[in-house]
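Here are my notes on the model you sent over, point by point. Keep the structure open next to them while you read.

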Amino acid sequence: MTDSTNTGGDVRLSGISKTYGSFTAVHPLDLTIPQGSFFALLGASGCGKTTTLRMIAGLEDPTTGTVHLGDKDVTDLPPYKRPVNTVFQSYALFPHLDIFENIAFGLRRRGIKSVKKQVGDMLDLVQLGDKAGHKPHQLSGGQQQRVAVARALINHPQVLLLDEPLGALDLKLRRQMQLELKRIQTEVGITFVHVTHDQEEAMTMADTVAVMNGGRVEQLGAPADLYENPRTTFVANFLGTSNLIEAEVVETGTDVTVTAGGGKLRLPADRCGADTRPGGKLLVGIRPEKITLAHADDAGAIADGRNRVTGRIVDTSFIGVSTQYVVDSPAGTALQVYEQNIERDSRLAPGAEVVLHWNPAHTFGLDAAQSMLAGTVSDAGVETVEDAA
Amino acid sequence: MTITDIPRAPEAPEAPPAAVRKSPARKRLVPYWLLLPGILWLLVFFALPMVYQASTSVQTGTLEQGFRVTWHFATYWDAFAEYWPQFVRSLVYAGTATALCLLLGYPLAYLIAFKAGRWRNLLLVLVIAPFFTSFLIRTLAWKTILADGGAVVGALDALHVLDVTNWLGWTQGDRVLATPMAVVCGLTYNFLPFMILPLYTSLERIDGRLHEAAKDLYASPATTFRKVTFPLSMPGVVSGTLLTFIPASGDYVNAELLGSTDTKMVGNVIQSQFLRVLDYPTAAALSFILMAIVLIMVTVYIRRAGTEDLV
């Protein structure tokens, strides 16, 4: 919940960019991060998200553009004069100081003498009250991570920057820390800017996610909005999985009708991020969990008005809560379908002829000029299609 | 090796059982075999000479009649009573040279570790480059550098540095050669690389992100150095000062070549007692006294520096 009436503490990046020699890490970028929000910069490694964060922290000088905190231009301020603190990727705890002194470091540098109470409160907040006298290397990864958060938070920064803070933790601990950080953010109400390459992490924690690719923000929005309405193939593939089918527009109205692999599909016109003149090309997208799978023998029972694609199962994998199917069809190969394991149809085995059907309202359309593979594992997320969007 | 039901690899059963039984014993002996050369070396070149010197130090006699062990411990007291000024001088000169090495070496090591970029290796080679010339020749070169009426002395005189050093008693008149300052200069120069290299090693190991973290937590560059960089380089400071102070306190070449009779260090006394006066017991006793003093000082120093607290 961002408070739009109070913009005094917003982070505003205007035309900010960073180049190293001939390499452009961040293309000129405008971004406003509302005060009190949990904002995530999401992207694969090398997409410029960490550089952007470091420019907010002052650890990197922007090549062009300005950084504002509220109404104050901090572009030329050194990091130690900015009301911003960072939780570093590898925590960067001071190995020669104990946990108490690590957390008190920022307070002492600002000349605050009586730090005992504040440090004690902060240790309690991160549940490390009994570790004050320990050295960082005596703590586990998760505990070190909490110290790093406490060391930054105690200064009540205007903005807390988190650079892949959970990257070094194992999966279970990550999940736990995600909830923990979210709890702390709600409790203290400070703006959090979180850099991560883990889309699930970004979606669970953040109010707003900016998906970055090749030094640009590809799309910005609430997690559910990004997931449901991706505007580029990169976002469609990087956030979860999407089935993208090449299609040609036949008819345009409130719904757009397209043909793909000999069959007709419909999708809402307002979910088309591309030109929808008849004869135009389009990439039709559908999330795997929105699709229902029916055996070809039961095709007659499928309700009218649903999009249908016929195909053959080439692979299945059972993962407990659901089963993943890979289906080849004339419309596209290796279509992914996730079915909840409520009633399992034993006929749905590799080789079976099936019909995929879904509600047309769940279909989205993307510009066909983009690479269908952008943002997938094989693309590794480092390339961008120049004329995307 | 408690898992028994893992099928053996087909090659394994071919091995003769005897060899299998023999290997653990052999394994246990391996460390001792590896230690043997080192232990032999220490025995022959350290332990035996020490015992020999210790026995020499409690002998009495003359060169003509031969020396006999008489447990004459008074030699220690007599030697110290006579040569204590040289002991004091050794420690003061070595201490001053160590402090100067630290002052000169730290900025240089810092520069090489953090600011040199691609020049780093070249600079390190330059630090070690003097070792390609003999220690004696390098020390003799300082005779020319500090020569009376030379450019260095002239410049120091013109800048009135000599007035200050004369007042402090480090130099005499318009001479630098044959004064305490010349000896300390020689010691500083000769032991500087032993200071720089450990300092560089410990500075270079510091994670650059710690500097960023300090800056992020409101520490100015000066505070970052005082609170993060310097404490983390303490292992280098300790080993650098030890590697400089210990050999410098026993050095006699610099005092011999650059100093005068008024700048004799304990090393010069030991050398002349052994090789010119031929009073072996006194020479041996002096050696042990120096060793004891240095050992005590180093122990106190290491305790104080608290290096065991550092990672």
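1. Start with A:Asp255. Beyond the residues within four places of it in sequence, A:Asp255 is in contact with A:Arg266, A:Leu267, A:Pro268, A:Ala269 and A:Pro360. Contact here is a matter of C-beta atoms, placed from the backbone, lying within 7 Å of each other. A:Asp255 sits in strand S12 of chain A, residues 255-260. Helices (H or I, at least four residues) and strands (E, at least two) are DSSP runs, numbered from the N terminus. A:Asp255 counts as partly exposed because it has 16 C-beta neighbours inside 10 Å. For the cut-offs: 20 or more other C-beta atoms within 10 Å makes a residue buried, 12 or fewer makes it exposed, and partly exposed is in between, again with C-beta atoms placed from the backbone. One more distance to look at: A:Arg271 is 16 residues from A:Asp255 in sequence, and their C-alpha atoms are 9.3 Å apart.

2. A word on ground rules. This is a predicted model, in which local features need pLDDT of at least 70 and side-chain atom pairs count only at pLDDT 80 or more, while totals for chains, interfaces and linings use all residues. Residues are numbered from 1 along each chain as its sequence is written, and chains are lettered from A and ligands numbered from 1 in the order in which they are written.

3. Chain A as a whole: there are 8 helices and 20 strands. The C-alpha trace of chain A spans about 80 × 45 × 40 Å along its principal axes. Of the 389 residues in chain A, 42% are buried. Among the chain A contacts with a separation of 6 or more, 67% are between residues 24 or more positions apart.

4. What does UniProt list for residues 11-239 of chain A? The unreviewed entry gives "domain: ABC transporter". UniProt positions are in the numbering used here, feature names are shortened, and annotations may be inferred rather than shown by experiment. That span is 35% helix and 27% strand, with its end C-alpha atoms 25 Å apart. For chain B, an unreviewed UniProt entry puts "domain: ABC transmembrane type-1" on residues 87-301. Residues 87-301 of chain B come out at 78% helix and 0% strand, and the end C-alpha atoms are 19 Å apart.

5. Now the interface. 17 residues of chain A are in contact with 17 residues of chain B. On the chain A side, strand S6 (84-87) and helix H2 (99-109) are the elements that give two or more residues. H2(A) gives the most, with 3 residues. By type, the chain A side splits into 9 nonpolar, 6 polar and 2 charged. Nonpolar means Ala, Val, Leu, Ile, Met, Phe, Trp, Tyr, Cys and Pro, charged means Asp, Glu, Lys and Arg, and the others, Gly among them, are polar.

6. Have a look at A:Ala92, in the loop between S6 and H2 of chain A. A:Ala92 is not a glycine, yet its phi is positive, about 50°. Most residues other than glycine have a negative phi. A:Ala92 is buried, with 25 other C-beta atoms within 10 Å.

7. Over to helix H8 of chain B. Which residues in H8(B) are buried? They are B:His211, B:Ala213, B:Ala214, B:Lys215 and B:Asp216. The buried residues of H8(B) pack against helix H1 (49-57) and S6 of chain A, together with H9 of chain B. Just after H8(B) comes B:Tyr218, with a positive phi of about 70°. B:Tyr218 is in the loop between H8 and H9 of chain B, and it counts as buried because it has 21 C-beta neighbours inside 10 Å.

8. Last, a helix pair in chain B. B:Met234, B:Val238, B:Leu242, B:Ile246 and B:Ser249 in H10(B) meet B:Val294, B:Val298, B:Ile302 and B:Ala305 in H13(B). The residues of this contact divide into 8 nonpolar, 1 polar and no charged.

Terms used: Contact = placed C-beta atoms within 7 Å.
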